[in-house]
Amino acid sequence: YVQLGFPMGDRLNVIAGVPRWVGSLTGGAIMTAYFAAGGLLGSARVNTLQFVVMLGGFAIALPALVGDAGGFTALTATPGLPEGFGSLLHSTGPGSGWTFLLLVGPAFIISPGLIQKSYGAVSARALRIGVGWNAVALMVFAFGPVLLGMSARVLEPGLTDHNAVL
C-alpha cells in the first residue's frame, strides 16, 4: 500500500484529530515560511534537526515494536505473506519490490534537494561526509517505516486505515 499525499496532514490527523486538508495546508505554510526565512543554510539546519529527532524516534520505537511483535521472524511469518518475504534478495517477478526500487531508487541518488545542498558545501570533504551521512539516513528511512508497518500488521491485524499505523 503506497499513499502519495501530505504527511503533515496525516500526522496532525492521527495526533490531534485535525482534518487532513487543514494539516496539509498548515504543513505547506510552515515549509514555505522556513525555506523563505532561512534559505539553504536554514534548510540544512532544519533537515539535520528533523533527522536527529526521527532517528531518535526510530531508535526507541523500532526495537520496542519489533520485540512486541515477536521479533523479525514473527514479522516475516505472518499469514498471507508471499514465500520468501523475509529475504532481501528474493524476487517474485515483475511485481516485486525490485521493480519499484529500480523505478524510484534513482530519485534518492539524484535528489534535487541533495544536489542543491551539495552546491552549498563549504569544501569537498564536507560534501563527501554529507553525502555519506545522507546515504546512512536513507537506509534508516528505507527500512524503518517498513518495519513499523510490518509490526503494525502483526500487532493490529484488523487495522483498515493504513495512515493510522503512525
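## Helix α2 and its kink

Helix α2 (residues 20–68) spans only 30 Å between its end C-alpha atoms, whereas a straight helix of 49 residues would span 72 Å at 1.5 Å a residue. The expected span of a helix is taken as 1.5 Å times one less than its number of residues. A kink of about 120° is centred on Gly39 in α2; the bend at a residue is the angle between axes fitted to the seven residues ending there and the seven starting there. After α2 comes Gly70, with a positive phi near 105°.

The buried residues of α2 are Gly23, Ser24, Gly27, Tyr34, Gly42, Ser43, Phe58, Leu62 and Val66. Here buried means under 20% relative accessible area, exposed means over 50%, and partly exposed lies in between, with a 1.4 Å probe and protein chains only.

## Model and conventions

This is a predicted model, in which local features need pLDDT of at least 70 and side-chain atom pairs count only at pLDDT 80 or more, while totals for chains, interfaces and linings use all residues. Residues are numbered from 1 along each chain as its sequence is written, and side-chain values use heavy atoms, with hydrogens and water left out.

## Overall content

The protein chain has six helices and zero strands, in the order α-α-α-α-α-α from the N terminus on. Helices (H or I, at least four residues) and strands (E, at least two) are DSSP runs, numbered from the N terminus.

Of the 166 residues in the protein chain, 15% are buried. Among contacts (heavy atoms within 4.5 Å) between residues at least 6 apart in sequence, 56% join residues at least 24 apart.

## Helix α6 and its crossing with α2

In α6, the end C-alpha atoms are 46 Å apart, in agreement with the 46 Å that its 32 residues should span at 1.5 Å a residue. Its buried residues are Ala137, Gly144, Met150, Ser151 and Ala152, and these pack against α2 and α3 (71–76).

The axes of α2 and α6 (residues 124–155) come within 10 Å and cross at roughly 35°. Axes are lines fitted to C-alpha atoms, for helices over the stretch in contact, with angles from 0 to 180 degrees between N-to-C directions. The crossing is left-handed, that is, the near helix is turned anticlockwise from the far one by less than a right angle; clockwise would be right-handed. On the α2 side, the residues that meet α6 are Phe51, Met54, Leu55, Phe58, Leu62, Leu65, Val66 and Asp68. Their partners in α6 are Ala137, Val140, Phe141, Gly144, Pro145, Leu147, Leu148, Ser151 and Leu155.

Ala61 is in helix α2 and is partly exposed, with a relative accessible area of 27%. Its C-alpha atom is 9.6 Å from that of Gly144, which is 83 residues away in sequence. Ala64, also in helix α2, is partly exposed at a relative accessible area of 40%.

Leu159 lies in the segment after α6 and counts as partly exposed, at 32% relative accessibility. Leaving aside neighbours within four places in sequence, Leu159 is in contact with Ala164 and Val165.
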